[in-house]
Amino acid sequence: MSNISEHQQPQQNGGGMPAITDQQNQLNSLTPTTTQQKTVSIPLQSLPLRPSTLTALLRSGFSTTGDVMNSCHTELVPSNNVDTNTNHNSMMNIETNSNTTTTTTTTNNSYDNFAKELGCSTTQAADYANEIDDALGSIGLPKVSKSQQNTNGENVDSQSNQTDNNIMAPHQPIFSATAASILRSKAINHFPMNGNNQAPAPAAKQIVSFSQALDVLLGGGFALSELTEIAGLPGVGKTQLAMQLCVNSRLPTTSGGVQGCAVVIDAEGSWSGAAGGDRLWSMANALSDHVKLSASRKLARAKEGMPQGSTTNINEDSIPNWFSPEFILGGIHIFRVHDEASQTCTLYNLPKFLLELEHKGTPVKLVVIDSLAFHYRVASSSTSSSNVGNGNSNKNSSLSTTHNLTRMAAFLTELASEFDLAVVAMNHLTSRIEKDGNNNKSGTKLVPALGESWAHSVTSRLIIDHYRQLHTTDGNMDEVRTCTLVKSPHKPSGTSLFKITDKGIRGVSPQLLQSQSQAIKRARVD
């Protein structure tokens with residue numbers, strides 16, 4: 001249920017001017033004063049706001065539109081001893097000369113109180129209010145900002161004096177920013193100053209996959225602050241790679257990791273079952289053993305007094321006994337979603353959950369969606385079957401899905417940037433009909449699903465495919481996969497190999513590949 005709050009408007013006399021008494025003059029000298037009206041208060045998480053906007057509001061204690069409206073309608077009114085020549089927004093200025101007395105009202109709206117509570121500039125506060133107004137207007141609810149009246153008694157937008165109704169005109173000014181200022185702002189947000197007014201050394205910016213060839217292909221691993229798509233056929237290893245990334249996101253910074261938590265949006269049920277839990281446990285157990293063994297080796301080298309490549313201050317406490325499989329799995333949060341509506345709702349409410357973990361000192365460094373395409377494709381197929389013969393309905397449904405996916409991609413990209421985390425979205429492959437120069441069907445081709453709009457929105461795109469099975473020295477079989485980087489703004493395209501083992505994702509030894517290739521050649525000759 002929405003919270004309905006009733007507010008009374010100040011009474012007016014017959015002349016249309018507010019009735020002013022001595023008591024009201026005393027109240028006007030207080031700071032702040034509130035202009036009240038009937039409002040509908042709904043949670044901010046239910047509005048399609050940008051993650052940066054929602055984060056700034058939640059961090060400042062704003063949880064509903066009613067909170068924002070009360071702040072926007074609260075004016076910082078100066079006391080009576082302030083110079084009358086000072087120009088304040090929403091104040092009456094009386095100009096008197098020998099002939100006439102003219103009363104003028106400024107139409108600029110003041111967001112001083114809203115900006116003060118947010119701890120930002122008035123311009124930034126107005127931008128936040130504009131965005132909330134647009135979101136409320138899209139669902140037919142009143143704005144949170146104030147509406148003022150012009151000389152004709154008509155309500156005008158509090159953000160602008162323009163009466164132009166050109167829908168192509170921007171709602172707010174667009175300001176440019178230099179690349180240096182963007183990097184500086186990002187560094188301040190993600191690496192706050194310490195007590196010595198110095199920024200700490202930045203932590204790792206990639207989540208490693210435990211396959212050296214794949215990490216080299218990606219420039220060190222899966223990058224934070226980016227939206228990465230992994231596409232492939234069913235059973236090719238997409239979920240296995242995502243599980244390894246979730247486990248590796250718990251890796252301590254002393255071992256080259258990002259030391260964060262992981263959030264999984266489980267659309268297909270691969271994570272929530274017993275098999276998914278067992279697989280995560282085996283990967284976490286292998287990672288825990290690897291970290292402890294690595295620390296033990298460093299300690300042994302330090303005790304031997306190796307002068308090169310060793311850390312001499314390593315002691316017995318350097319072995320992280322606390323880094324157990326239970327600790328690793330305790331930082332992987334899984335949300336099971338059963339339809340498109342619950343998936344969308346969960347994703348748009350993630351900023352609040354991320355803030356809660358951030359305040360607890362356990363920031364999230366990875367968000368996995370497995371898979372984003374599943375519910376969209378199920379909903380699309382059911383809609384198409386119910387609208388057989390109705391071409392317009394199918395076209396409108398397709399346009400609506402494209403619009404939702406584009407908004408979702410923009411949301412996930414900004415979520416990754418705002419919280420400095422990696423967003424990894426799994427995708428399916430679908431068949432696309434290829435045509436020749438004469439527009440005749442020439443065959444089919446497997447391409448990632450969700451269309452071209454989604455493809456343009458992701459930062460990087462990886463396609464996983466089967467390679468072959470390799471016989472290991474202990475007689476087991478390892479599933480080898482190819483991973484092709486087909487889109488990246490900062491890395492060249494390429495292909496790498498990795499294998500799926502009992503312990504998780506691992507790199508493929510060049511010696512093993514060479515020996516297997518020679519064995520295949522000998523078999524062909526024979």
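## Ground rules

A polar contact is a pair of N or O atoms within 3.5 Å; within protein, one must be able to donate a hydrogen and the other to accept it, and residues adjacent in sequence count only if both atoms are side-chain atoms. By that rule, welcome to a predicted model, in which local features need pLDDT of at least 70, side-chain atom pairs count only at pLDDT 80 or more, and totals for chains, interfaces and linings use all residues. Residues are numbered from 1 along each chain as its sequence is written, and side-chain values use heavy atoms, with hydrogens and water left out.

## The chain as a whole

The protein chain has 16 helices and 21 strands. Here helices (H or I, at least four residues) and strands (E, at least two) are DSSP runs, numbered from the N terminus. Of its 526 residues, 37% count as buried, where buried means under 20% relative accessible area, exposed over 50%, and partly exposed in between (1.4 Å probe, protein chains only).

The accessible surface of the chain comes to about 29,400 Å², and carbon and sulfur atoms hold 50% of that. These areas come from the Shrake-Rupley method with a 1.4 Å probe; for residues, only the protein chains shown count as cover. Among contacts between residues at least 6 apart in sequence, 66% join residues at least 24 apart, a contact being heavy atoms within 4.5 Å.

Helix α2 covers residues 51-59, and because eight of its nine residues are buried, it is largely enclosed by the rest of the structure. The buried ones are Pro 51, Ser 52, Thr 53, Leu 54, Thr 55, Ala 56, Leu 57 and Leu 58.

Ser 60 sits in the loop between α2 and α3 (65-72) and is partly exposed, with a relative accessible area of 28%. A polar atom of the Ser 60 side chain lies 3.1 Å from the backbone oxygen of Ala 56. Beyond residues up to four places away in sequence, Ser 60 touches Glu 117 and Leu 118. Ser 60 and Gly 119 are 59 residues apart in sequence, yet 8.2 Å apart in space, C-alpha to C-alpha. Just after α2, Gly 61 has a positive phi of about 95 degrees.

Ile 369 belongs to strand β14 (residues 364-370) and, at 0% relative accessibility, counts as buried. Leaving aside neighbours within four places in sequence, Ile 369 is in contact with Ile 265, Leu 347, Leu 412, Val 423, Val 424, Ala 425 and Met 426. Val 263 is 106 residues from Ile 369 in sequence and 8.6 Å from it in space, C-alpha to C-alpha. The peptide bond from Asp 370 to Ser 371 is cis, with omega near -10 degrees, and Ser 371 lies in the loop between β14 and α13 (372-386).

Leu 347, one of the contacts of Ile 369, is also among the buried residues of helix α11 (residues 340-348), together with Gln 343, Thr 346 and Tyr 348. At the start of α11, a side-chain oxygen of Asp 339 comes within 3.3 Å of the backbone nitrogen of Ala 341.

## Loops with positive phi, and their surroundings

Phe 210 has a phi near 75 degrees, a positive value in a residue other than glycine, and lies in the loop between β9 (206-207) and α7 (212-217). Phe 210 is touched by Asn 248, whose other contacts outside four places in sequence are Ile 207, Val 208, Ser 209 and Leu 287. Asn 248 is in helix α8 (residues 238-248) and is buried, at 2% relative accessible area.

Leu 450 also is not a glycine and has a positive phi, about 80 degrees. Its place is the loop between β17 (441-448) and α15 (451-457), where Leu 450 is buried with a relative accessible area of 18%.

## Cavities

The lining of the largest cavity includes Leu 218, Phe 222, Glu 226, His 490 and Lys 491.

Terms used. 1 Å grid on protein atoms, 1.4 Å probe; cavity = no way out; pocket = protein on both sides within 12 Å on 5 of 7 lines; lining within 4 Å.
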